[in-house]
Amino acid sequence: VALSIYVGELAAGTSEFGVRILAMFWWSAAAFFIYKLTELIYGSKAAVASILLWSLLPFYFAVGFFMSPDAPLVTFWAAGTYFLFRILVLGEVRFWWVAGLCLGLGFLGKYSIALLGFSAVVFMIIDPAARRQFLSPSPYLAGLLALLCASPVLYWNWQHDWASLAFQSVGRLNAESEFSLPSLLAFLLLTLMPAGVIIFGFAFKRWSLALCGCGDKAAGSPCMQLSPSIHSFIAVFTLTPLFVFVFFSLSKEVKINWLGPVFIPLLPLLSASLVEAFEGHSIFYKRMWRTWLATFLLVFFGFGLFFLYIGVRIPGIPYTYKMHKFMGGRELARKVLELENP
């Protein structure tokens with residue numbers, strides 16, 4: 001994030017635009033890899049729909065406006081997912097070094113990308129074809145490359161008593177106990193919106209039946225009719241980090257931005273379902289299209305009201321304390337400069 005702000009200010013000056021311009025770059029780069037991943041699995045129509053979802057689902061829309069650790073994180077999570085799919089499902093092992101690069105650079109953005117690497121290990125364990133990768137030196141060399149890329153932040157932690165790593169691990173575990181599973185479910189609904197949650201529910205049912213050996217009974221929608229390895233990839237890379245956060249939510253606080261990257265592997269499936277809803281003729285498809293359309297209109301006007309609220313205010317609706325995160329930057333900068341140059 002610090003490097004992104006530095007480059008942005010070199011390009012556009014010390015201003016809000018200079019600070020945030022690289023967030024737009026990270027957003028666009030993530031959109032590219034999501035498009036390519038969706039195109040590989042479902043074709044060009046679904047790939048175009050994936051850009052629509054990336055542009056309108058609230059978390060993914062917002063990540064392009066705020067220079068936070070989530071901006072580079074989603075890019076390297078999307079890129080890592082794309083290259084790991086080509087490696088583990090399509091057998092293109094020459095991309096291992098790129099996957100290692102994505103994990104290492106993503107770690108410089110936010111430590112939670114380690115869950116993407118963990119998902120890859122889980123998939124290699126359960127998928128017979130991918131399991132052979134354990135006998136190759138490539139994944140281990142990719143891991144070393146990831147460590148090399150992450151070495152600046154690891155070196156800084158070593159010099160400072162592992163401060164940030166301790167905060168994100170032991171510090172989180174030692175935080176005040178709180179049952180936040182209802183909040184996590186609300187965040188899931190806000191991240192995927194109702195139509196996305198419905199598709200996720202159907203997919204989860206399909207994956208559960210496949211584990212019981214009756215996957216053919218759950219084929220249902222054409223977007224669900226994929227090879228077992230592709231279904232396993234989407235399931236593992238979505239559910240592995242999600243279950244980590246679900247387990248964490250049983251006793252600790254969770255945050256909405258934690259869930260955003262988790263559902264990147266699910267976006268191709270949601271995109272294909274959107275295309276089916278648009279083209280379908282059954283009652284279910286028509287209802288799903290109306291649900292998606294209502295979602296898009298709600299989100300579109302919701303964004304408009306939000307920007308109106310933080311830009312010029314809405315009469316009768318006062319700012320809350322939390323809203324100062326969005327509009328207190330100039331005042332904060334002024335006070336910091338006063339402290340720096342009394």
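In which loop does T320 lie? Select T320: this residue lies between α15 (283-312) and α16 (324-327). Helices here are DSSP runs of H or I with at least four residues, strands are E runs of at least two, and both are numbered from the N terminus. T320 counts as partly exposed because its relative accessibility is 43%; buried would be under 20% and exposed over 50%, using a 1.4 Å probe and protein chains only.

Before moving on, a word on the model. It is a predicted one, where local features need pLDDT of at least 70 and side-chain atom pairs count only at pLDDT 80 or more, while totals for chains, interfaces and linings use all residues. Numbering runs from 1 along each chain as its sequence is written, and side-chain values use heavy atoms, with hydrogens and water left out.

Colour by pLDDT next, the predictor's confidence in each residue from 0 to 100. The protein's mean is 89, and 93% of its residues reach 70 or more.

Now for the second largest pocket. Select L103, G117, V121, P139 and G143, which lie nearest its centre among 22 lining residues. (A pocket is an open set of points on a 1 Å grid over the protein atoms alone, where a 1.4 Å probe fits, with protein on both sides within 12 Å along at least five of seven lines; lining residues have an atom within 4 Å of a point.) Show α6 (96-109), α7 (114-126) and α9 (138-159), each of which supplies at least two lining residues; α9 gives the most, with 8. The lining divides into 19 nonpolar and 3 polar residues, with no charged ones.

Which cysteine sulfur is nearest to that of C102? First, a search of the whole structure finds 0 disulfides (pairs of cysteine sulfur atoms within 2.5 Å). For C102, the nearest cysteine sulfur is that of C149, 9.3 Å away. C102 is buried, with a relative accessible area of 7%, and C149 counts as buried at 15%.

Last stop: T240, found in helix α12 (residues 228-249). T240 is buried, at 12% relative accessible area. Show its side chain, and you'll find a polar atom 2.7 Å from the backbone oxygen of V236.

Note on methods:
Ala, Val, Leu, Ile, Met, Phe, Trp, Tyr, Cys and Pro count as nonpolar, Asp, Glu, Lys and Arg as charged, and the others, Gly among them, as polar. A polar contact is a pair of N or O atoms within 3.5 Å; within protein, one must be able to donate a hydrogen and the other to accept it, and residues adjacent in sequence count only if both atoms are side-chain atoms.
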